[in-house]
There are 2 protein chains.
Amino acid sequence: MNLKNAGVRLSTNTIFKVYCNYGSNSHTNESRVLNSRLRRTKKIDAYWRACNYLAVGMIYLRSNPLLKEHLKPEDIKHRLLGHWGSSPGLSFVYVHLNRLIKKYDLNMIYLAGPGHGAPGILAPVYLEGTYSEIYPDKSMDEEGMRKFFKQFSFPGHIGSHVTPETPGSIHEGGELGYSVSHAYGSVLDNPDLISVVMVGDGESETGPLATSWHSNKFINPIRDGAVLPILHLNGYKIANPTILSRISHEELNALFVGYGYEPYFVEGNDPKIMHEKMAATLEECITKIKKIQAEARSSGVAKRPRWPMIVFRSPKGWTGPKNVDGHKVEDFWRSHQVPMGEMHSNMEHLQLLEEWMKSYKPEELFDENGTLIPELQALAPKGDRRMSANPIANGGLLRKDLDLPDFKDSEYALPIPAPGKTRFENTKAMGIFLRDVMARNMNTFRVFGPDETASNRLHPIYEVSKKVWMADYLPEDEDGGHLSPDGRVMEMLSEHTLEGWLETYLLTGRHGLFHTYEAFAHVIDSMFNQHAKWLDICKNHVPWRSPVSSLNILLSSTVWRQDHNGFSHQDPGFVDLVTNKSAEVTRVYFPPDANCLLSVIDHCLRSKDYVNVIVADKQSHLQYLTIDEAVKHCTKGIGIWDWASNDHEKGKANEPDVIMASCGDVPTMESLAATAILREECPDLKVRFVNVVDIFKLQDETEHPHGLSHRDFVTLFTEDKPIIFNFHGYPWLIHKLAYRHPNPERLHVRGYKEEGNINTPLELAINNQIDRFNLVIDVIDRVPKLGSRAGYLKELMKNEIIDNLNYAHTHGIDKEEMRHWQWPF
Amino acid sequence: MNLKNAGVRLSTNTIFKVYCNYGSNSHTNESRVLNSRLRRTKKIDAYWRACNYLAVGMIYLRSNPLLKEHLKPEDIKHRLLGHWGSSPGLSFVYVHLNRLIKKYDLNMIYLAGPGHGAPGILAPVYLEGTYSEIYPDKSMDEEGMRKFFKQFSFPGHIGSHVTPETPGSIHEGGELGYSVSHAYGSVLDNPDLISVVMVGDGESETGPLATSWHSNKFINPIRDGAVLPILHLNGYKIANPTILSRISHEELNALFVGYGYEPYFVEGNDPKIMHEKMAATLEECITKIKKIQAEARSSGVAKRPRWPMIVFRSPKGWTGPKNVDGHKVEDFWRSHQVPMGEMHSNMEHLQLLEEWMKSYKPEELFDENGTLIPELQALAPKGDRRMSANPIANGGLLRKDLDLPDFKDSEYALPIPAPGKTRFENTKAMGIFLRDVMARNMNTFRVFGPDETASNRLHPIYEVSKKVWMADYLPEDEDGGHLSPDGRVMEMLSEHTLEGWLETYLLTGRHGLFHTYEAFAHVIDSMFNQHAKWLDICKNHVPWRSPVSSLNILLSSTVWRQDHNGFSHQDPGFVDLVTNKSAEVTRVYFPPDANCLLSVIDHCLRSKDYVNVIVADKQSHLQYLTIDEAVKHCTKGIGIWDWASNDHEKGKANEPDVIMASCGDVPTMESLAATAILREECPDLKVRFVNVVDIFKLQDETEHPHGLSHRDFVTLFTEDKPIIFNFHGYPWLIHKLAYRHPNPERLHVRGYKEEGNINTPLELAINNQIDRFNLVIDVIDRVPKLGSRAGYLKELMKNEIIDNLNYAHTHGIDKEEMRHWQWPF
């Protein structure tokens, strides 16, 4: 490939030719084409002017929307909020895409990376009628327009991004960096879809965005749709130039060639010329996409093509005030948000605003009722072809339940001869189940993980679907590489990209699972926050959005089994973050064994509109419950394990001396081992064993829909007996959840604590299982009944701890009896 | 520039010439050069073989380090941990750098992006003597070598990454993605330093890494040192090829040209040829760096050059077993971690291990005592020039306290005529102080923020130092752009890159502040985790590391003032994460006003080895304390505000009916307003007002060094009176911190809650100040004393809430009396 020609700058002549070739269907002479081109450009420009007029109106006006009178201070909002800067560019592309949708009957959606430029999206959404259909009071007339203006970024109404309330949006763009991965997620298994994503040059500086360009190595042109990224180079962030706008054309071009694209450049500031360039370039890109797809689909050979992308360099705040108070505004960072303020005191500004808005000639665009004139209305696509009405962007409408095998089937469920006697890798059992989920849903289900599918023991999936890989192959890949252009397992060493893909795969109506090392789930903390907020808003404020599949996150390679990776790989705090988000959209599960994990994943794959976090380790663990017991236990979410307790005698009042509670696979084994010691050493002590799968069961019923009433809590935990709670994560989380229940001070939680002086990097040793002894000491310290036995037993436990640590430090492995410990009863 | 030639592949001839030019100092004939070249290569190869031998030993052996006897199963560790795959490549480069350090007396450090390949770093660190100097029991003899092997990734000893225990390391490489930003942070203001960073092709897929290549737009060749990035293309992650290893040479070359580098390629698998290529290429790169710097420094003109970088394509697990059990291992993902296991049962594997280790010919490398032979020892640099002993990588040694102005000076401190009467932007007061901190420390202090320095009101700094910018300039930048190649304010829209730069700027002995929007601090959650863990380990286990300056993080644009950005910009949870980390390294401050903020920032800039998080909003807020009062209040961290309380009468026992507590700027104003209402409406009610600056004061003294004793807690909060706590963040955090203190159930916390049905996107309206009324209702619900007044007052409060919301929804702004509320007493 000749790099010199890789970046295409179209000459005017080329533009003209391309435009002619694709802009009309019949062969025709040059003057007719020219006239037709000018007419069309004029109309597109008029539509764009209408968009810009509305964008300014949204930012400034609360009355007088058609400027039927001169602007008065009281027409202006008291606080001016919103982002003008990127709005004109966003709608510029929108209106050009409309032309192509109509011409080619395209199935297209639009993602606005600079979602702060919502006025540039809301405007065309309103103009094509969708907004009024969904929100009838924002009707397509003067009063509707007034309300449409006023509601923008106004208390009690909509925010200033492309929030979930915006028809056609699957990407809010509030937090920057995810537009490209979101675009790619939407086209997976959507072969006819073209997702156009406007990429801000500001957000391009973020890490998640910078790597997400590589998503093109995971798109199969036969099976998947196409993404057309448009880098919107409008030059500035809040108060700074952007990096990509201040490097040479050569570097910029090379960068996108390096990312695997064929970059096209549309650059300039004269709308007339820019309309022609954009029309021609988009035409060429769409044609190229269709050609790539047609070739792949007719040949059946899926290769990675060089997909087109566009660099669109236009002035920031394009068509806005050139100068305000002697300072440059258009094409400068000063137009980032509101180009001028003090509208209630500075009459020059008020005058300038009126001139600015009138420069769009609203009288040519809207009739006297405030309705867009029919000639312009005709430019928008109709019905579901409108990008704002495409059902793909309201994926719940298209979502079908997964075809799920019966997880209780003997293919998946483990036989349990007796509790605590056998071992198995919990996540592997789930992997076998997921294999068959995949096999039955080969167009609507994918699994996402950062290079860890096998490490996390989900490799049985490879029996039915490999990892998708569209980059180069080597012969040795055949030897266990599990790569294929048709694979449905998505692996890239970017949690951000994976999470971004999955989010929109779900928002467009499909299903999936993201699995990752527990500690590094924190890499996507902020993305989780944003998705949870999106779901929360949809659930409570956007009734027209149909429920989508839940975001299922499996945290594996957990803190307690990060032996050799040590301290830096130990962080169980992702669930802390999850519990900060709305109770209406968050669920967290800690299945103690494989059968429970099967029950939990089945439940999660059926659920909608949640973020389900499942914490389950990949190593081999003791198994406790038969599949039927597991279903009951997981359905309740919390329960007494009779077989492990000795406080239960038929016909007698049952009041234990202590409650041993556990949550998580490793802690459950340790709690059981401590219980066994107690039952052996102190047979008079009445121990109740409670296991928690659904962590929100610990909350009060007023705080979370899964929370227990005080009565139910007391039924399990008694009114006042000590609770020795062994937990997978940071201990404070349990206190935070349970503090409203009776006598919270009796709750003692043993969990993971970050203390460099206690956990040396490898002090949580290989299969280090000394917590059982500490738990027994916790009981001794809190249960007076033990009396004189206490001292003896405590000494014994301390000796055990020292012995076990010494053994591990000497031999590099735990004692045999610890590694193969079983429930002894 | 001609892109075709941008990527330099050296022909053998070129290599030879370059090598000759730089490899010897005198003009000589070809055969002498050839001989000298071969001799040198041979020695370098021997040194590298010693590294590889040690690397394998670390992974496998616990005894018999010199293979004086045939390997027996008991010589092998029980659990085999560690990463072989990238180790040979890491040490390959290390030994070549040693040659250049010696030749040019370079000031150089080495960052291992794939820090999992620690054996490849530990080996040369041990061979050059540093390890034994620091850890004398790991001496340079047989017994020392045995201990050195055994301790690796072993319970109670060191982990398997380049952890803080590793001399010369400032980058653990456990969590991937930050090596390049870490390398750049180290060279800022270190003009003589060359930081060589090995970049994993796996980590290159992460977002943070992908954008950090752009750091070259922020390096001034006059003032800063140079980074030489070496992309280590060894082809595979855990079980997958890497993207960058499976794209064409043309794309790869274009990518780095696009990032602004001049890429050099060193590719192959024959060590002999590769030694020559690497020697020649490194020579050329170092020469180029020196030339760039010399030109800039002699001309005084700082331009952005095209810095060199190297693409180093070598086989994964290079020199390891080619095949194991019929599967390809070398140059494949199977060599990622331990190439073969079952060493205690599979004697063929044991045999293979012995052959593998002997292939390095240890008898040629070590004498019979296990000491590296003198001829090879001579290859390493001496003293501080050893990369493992460079004091820059133990920055506390070089750190000097900042020269700080007196924050109590009238230039910074605000005059406070009376509490709660005047308003000011808290962060702006800090900005004025930071301006003078900057002016006094123009080589050792920088401020980092993602395009928000002005937005967060820190713009006074621009008076003394602008934003560094090495990309292109436009004339309009003069109009308030505040850009300069000499700037010391670092702005890029990548929180990851900024945080990475700052971390190593601190670790190499300097000072700084990172400020960001509160909600988006979550973007760097995982980086914070890693840095806190690093500090924790250093403090508790690495006595030879000198304390470094604290990582100071200012969270501004807080949840309560994210009106127009709405729900997606509201997240106060970063501090929740911080409180999960070790109490020994975490501090969190919520100064209520500008003078308190000044006191806090002064304290933070003096402190060492902490992460200090300061939460302070940028908007205009009421001011309460004079600077002297602020110093006292912040030094205590928590205190009663007498002037706001009415429970205090001299000579009388003081027992309030209720404690109004607050933490954070906005909540403090609301709590005061509620207190004012209570005092006006219920003058008989005794109210005590407590303000919390240092949030860890709420913990128990056993949990955090700042925690209060129960006695001190009771002194402030009484034994059992209701506490109505108004908080900036999620309310559960306060419960989590305070649950150990007496009667925690009396603590009622009002904070931010994520509930889509309560907080509509803009329901937390513009300056929405209805919390005061809710707080009064909280008191009414909890203080029986109010008796019959309660009903009337509660109705009044509910009416106020409705009135205020209605007003905001109608007018888009809060009522006048709310916006200008003052403390009425």
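Two residues are in contact if their C-beta atoms, placed from the backbone, lie within 7 Å. That criterion applies to the contacts in this tour of a predicted model.

**Stop 1: α3 and α10 in chain A**

Select residues 87-104 of chain A, which form helix α3, and residues 271-299 of chain A, which form helix α10. On the α3(A) side, colour F92(A), H96(A), L97(A), R99(A), L100(A) and Y104(A); they meet M278(A), A279(A), L282(A), E283(A) and I286(A) in α10(A). This contact is made up of 8 nonpolar, 1 polar and 2 charged residues.

Two packed helices are described by the angle between their axes and the distance between the axes. For this pair, the axes come within 10 Å and cross at roughly 50 degrees. That angle makes α3(A) oblique to α10(A). The crossing of α3(A) past α10(A) is right-handed.

**Stop 2: α7 and α15 in chain B**

Switch to chain B and select helix α7, residues 179-187, together with helix α15, residues 495-507. Here the axes come within 7 Å, and the crossing angle is roughly 50 degrees. With that angle, α7(B) is oblique to α15(B). α7(B) passes α15(B) in a right-handed crossing.

Which residues of α7(B) meet α15(B)? They are S181(B), H182(B), Y184(B), G185(B) and S186(B). Their partners in α15(B) are H496(B), T497(B), G500(B), W501(B), L502(B), E503(B), T504(B) and Y505(B). By class, the contact of α7(B) with α15(B) holds 4 nonpolar, 8 polar and 1 charged residues.

**Stop 3: K103 in chain B**

Stay in chain B and centre on K103(B), in helix α3, residues 87-104 of that chain. K103(B) has 14 other C-beta atoms within 10 Å, so this residue is partly exposed.

**Stop 4**

Draw a distance from T702(B) to L402(B): the pair is 300 residues apart in sequence and 32 Å apart in space, C-alpha to C-alpha.

Then move to T718(B), in the loop between α21 (710-717) and β22 (723-727) of chain B. Is T718(B) buried or exposed? T718(B) counts as buried, because 21 C-beta neighbours lie inside 10 Å, and the cut-off for buried is 20 or more. The backbone is also worth a look. Most residues other than glycine have a negative phi. T718(B), which is not a glycine, has a positive phi of about 65 degrees.

**Stop 5: D325 in chain A**

Back in chain A, select D325(A), in the loop between β7 (323-324) and β8. Phi of D325(A) is near 55 degrees, a positive value in a residue other than glycine. D325(A) has 13 C-beta neighbours inside 10 Å and therefore counts as partly exposed.

**Stop 6: the domains of chain A**

Colour chain A by domain: domain 1 covers 10-392, domain 2 covers 423-621 and domain 3 covers 638-819. The centres of domain 2 and domain 3 of chain A, taken over C-alpha atoms, are separated by 29 Å.

Across the boundary, 27 residues of domain 2 of chain A are in contact with 27 residues of domain 3 of chain A. On the domain 2 side, α17, β16 (586-589) and α18 (594-606) of chain A are the elements that give two or more residues. β16(A) provides the largest share of that side, 3 residues. The domain 2 side has 15 nonpolar, 7 polar and 5 charged residues.

**Stop 7: where the chains meet**

Finally, show both chains. How many residues of chain A are in contact with chain B? There are 114, and they touch 114 residues of chain B. On the chain A side, the elements that each supply at least two residues are α8 (207-212), α9 (249-258), β8 (327-328), α16 (525-541), α17 (574-578), α22 (732-738) and α24 (789-811). The largest share, 10 residues, comes from α16(A). Coloured by class, the side of chain A that touches chain B shows 38 nonpolar, 43 polar and 33 charged residues.

Technical notes:
Residues numbered from 1 in each chain as written. Chains lettered and ligands numbered in written order. Predicted model: local features only at pLDDT ≥ 70, side-chain atom pairs only at ≥ 80, totals over all residues. Helix = DSSP H or I, 4+ residues; strand = E, 2+ residues; numbered from the N terminus. Buried ≥ 20, exposed ≤ 12 C-beta atoms within 10 Å, placed from the backbone. Nonpolar A, V, L, I, M, F, W, Y, C, P; charged D, E, K, R; others polar. Axes fitted to C-alpha atoms, helices over the stretch in contact; angles between N-to-C directions. Parallel < 35°, antiparallel > 145°, perpendicular 65-115°, else oblique. Left-handed = near helix turned anticlockwise from the far one by under 90°. Domains from an automatic or database assignment.
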